[in-house]
Structures are given as structure tokens and as C-alpha cells.
Amino acid sequence: MRLIFKLLFSFIYILSFSSCIDDEVSDVIVIKGVTIFDGEIVFRNSNLIFCKDSIISISSENAYPKNAIVIEGYGKTVIPPMINAHVHVMDSINLFDAQRDGIFGMLDMFTTDSRANYFKGFNNRLYSSYYYSSNVGATVPGGHGTQFGINIPTINNLISPKQFVTDRLVAGADYIKITQESSMNVLSDSLLELVILEAKNSNLISIAHISDVRNAVKLAGFNINGLAHIWYRKGSIIDSIEIQELKSRSVFVIPTLSVIEEVIKSQIEEINYLKFSEVQSEVEKLLENDISILVGTDSPNFNLNYTTDYFNELELLHSCGLSNIEVLRSATSNIYKAFNLNEFTFLKSGGKSSFILLSGDPIERIEEIRNEKRIWKNGIEL
Ligand SMILES: [Zn+2]
């Protein structure tokens, strides 16, 4: 039986080359003897074989056609597309800059409907990072998100939670963002519950801005899918019962440590917020309790950029106790799973040939994520 399977596999394997080769030229590319992080686990000294827009195999054994193009992979690492799970895109340039550094997807966490549609117009461009958006976030008059002087719809006497969610769906939002900033006006508990419920009924996940742990736990109880920040207000130390609530509801967290560090630094007296080391301990508790952690920077707040500051966020997560593999999962597969991103998958045979070939080894030294990169998107080298 095993032999039959093996023969069948070899047949399919050879067949998968056939459309790529004629007598003279080959479209098969082999990255040879490379370290591969597939989104979940690491393969050392392996060959990544791909042809046009699909991966043929990841293996230390499989042979490849004689006329394949061989790229020496020694001392290099292949990783899948990285995603930034919390940004606010201001200009299409941001999308191009991110893609150039290997950040294939950007999740906008509050913008206007018209800007979101404008940026989605770039999604078929090879050199542009893929744009997703909540569009306008759910807030109330005087709530977080209304302070920027832009006229946005809020949940009020005229717009119910159901209407708000329907409007975002019609406008093409990919998920619903809720703001619950305790220093400003907030949605009542019953409105919060309704927004989350209406999002679920429309098959949209919901993510909340919070700064206080009590709001985080309350929202978990209302079945929020994710939190857009780690909590950082004074007194926001989660206890063991509260963290169980987050865990049992499978809430994911985008800590955005880069921006939280800046917020804490910006206060004149240390009265409003936790110390940054205390915030790091809160992230460590997420890790200890197997709560999914996602990489996001909240650029351009505090002038954070869409490129190198992303790598700084990876290093900050590592400083909270995440292993380098856990950091890389937070930048890739944790985000694909949390947001059901169909455009992005683990690296696997039959999967898309979209990945990064990096000089160095970020699994050993996370700072090497900043090293020189060659990037393939749908089989095309950028
Ligand atoms: Zn934000």
C-alpha cells in the first residue's frame, strides 16, 4: 500500500513539473539548501521548488529538473508573506513601501469608507501591499475616532448598530472596528453587544480599540474576536480569572507595543499609564496563556513608518518573551488565521509562490529580519 502511495506521489510530482518545462527552457526555480519557515514550523537545509505562481515542493529530498534555475540558499531563510495587523494608511505610497520590505498585507483599523475604497483600488498591483479595512469604526458622538475633525457616521439616535454594520458591509469593509477609549465618550454595554452581534450575523469579525483591561475583559464577554492594542492604563493588570475569560473566548491581541511605548513616553507625569516594563509583562501573560498575538504597529501614529518600525515591533515582542518562531508566527500565520485572509497561506506544495528570501537567520536572531531580501509575489520576483 505504501509503495502505491509513493508511486502515485512521484507521478503527481513529475506531472507538476510538466507544464513548466519544454526542451530548452525551464520555469522551475529551486532555492537550494535553505532554511524554510512555512508559517508554523522550520525546515532546515531544504529545497523550495516552485514554478510560476505555485510551489511544487518543500523537501530535503526531492530532485528537480536538470535545467531548473538554482538559487543557493545556504545562510538564508525563506519566510511567508508578513502582514501588519494594525495600521492607518494615509497614502498609496505606504502600500508600496510596505511591499518593498516584505509586508504583503496591511490591515487598516479606522478610516473613511471613501479612502478605504480608494486604497483597495491598488489591490491588483504587483508592487502594492494588499489592503484590508474596517472602514469607519463604530463609535459614538464625542467618542474615540471623532477627534480628528473628519465628518464620520457614528452610532446615535438615527444610526442603530444594525444599520451601522449593514452600511459598512455595503461599503466593502472586511471587518468591524469598535472603539472603547475610556478617556472619551464610549458605546454603552448594550450597544457594544449589539455591534458585535450584528457583525457576527454578517460574518464579519470585530476588533476593539481598548486601553483599559476591564474593557478588554468586558468585550471578551460580549464575544469580541480581537483587541487592537494591549491594555496600558494605570491599574490595568490582568488577573488569572480575567485572562481565562480572554483565553476561553479565543480572543486575539494585537499589542502594538511600538505605539504604546510612545504613548507612555509622551506623558508628562507617570500618572495615567503603566510603565512600559509592566506592559511587557502583560504581553508575556498572553504568551503564557496561549492567547494568539498578532503584529501591528498603528502607523502612522507617533510618526511610526510602515517599514522598519514593523521590524522594531517584532523585536519588542521578542523582548516580552516570545521566541523568534513565535514572533514570526505573529507576523504571518496568526494573522492569516485570525482574519481569515484567503489571499495568504502557509508555504506548502500547491500553495502560491509568494515569499521572502532573506539573508541571514531570523529564527536564531530576530534582528536579521531587517536584512537584505528578495521577494517573490505570485511567482514574480519584485
Ligand atoms: Zn489605530
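A residue is called buried if 20 or more other C-beta atoms lie within 10 Å of its own, exposed if 12 or fewer, and partly exposed in between, with C-beta atoms placed from the backbone. By that rule, buried residues make up 46% of the 382 residues in the protein chain. The model is predicted: local features need pLDDT of at least 70, side-chain atom pairs count only at pLDDT 80 or more, and totals for chains, interfaces and linings use all residues. Residues are numbered from 1 along each chain as its sequence is written.

The protein chain holds 12 helices and 15 strands, which are DSSP runs numbered from the N terminus (helices: H or I, at least four residues; strands: E, at least two).

The domain assignment, which is automatic or from a database, gives two domains:

| Domain | Residues |
|---|---|
| domain 1 | 2-79 + 345-381 |
| domain 2 | 82-338 |

Their centres, taken over C-alpha atoms, are separated by 33 Å. In domain 1, 19 residues are in contact with 16 residues of domain 2; contact means that the C-beta atoms, placed from the backbone, lie within 7 Å. Strand β14 (residues 373-377) gives the most to this side of domain 1, with three residues.

Helix α4 (residues 161-171) packs against helix α5 (residues 189-201) at an angle of about 40°, and their axes are 8 Å apart. Axes are lines fitted to C-alpha atoms, for helices over the stretch in contact, and angles run from 0 to 180 degrees between N-to-C directions. On the α4 side, P161, K162, F164 and V165 meet L191, L194, V195, E198 and A199 of α5.

Methods: Two residues are in contact if their C-beta atoms, placed from the backbone, lie within 7 Å.
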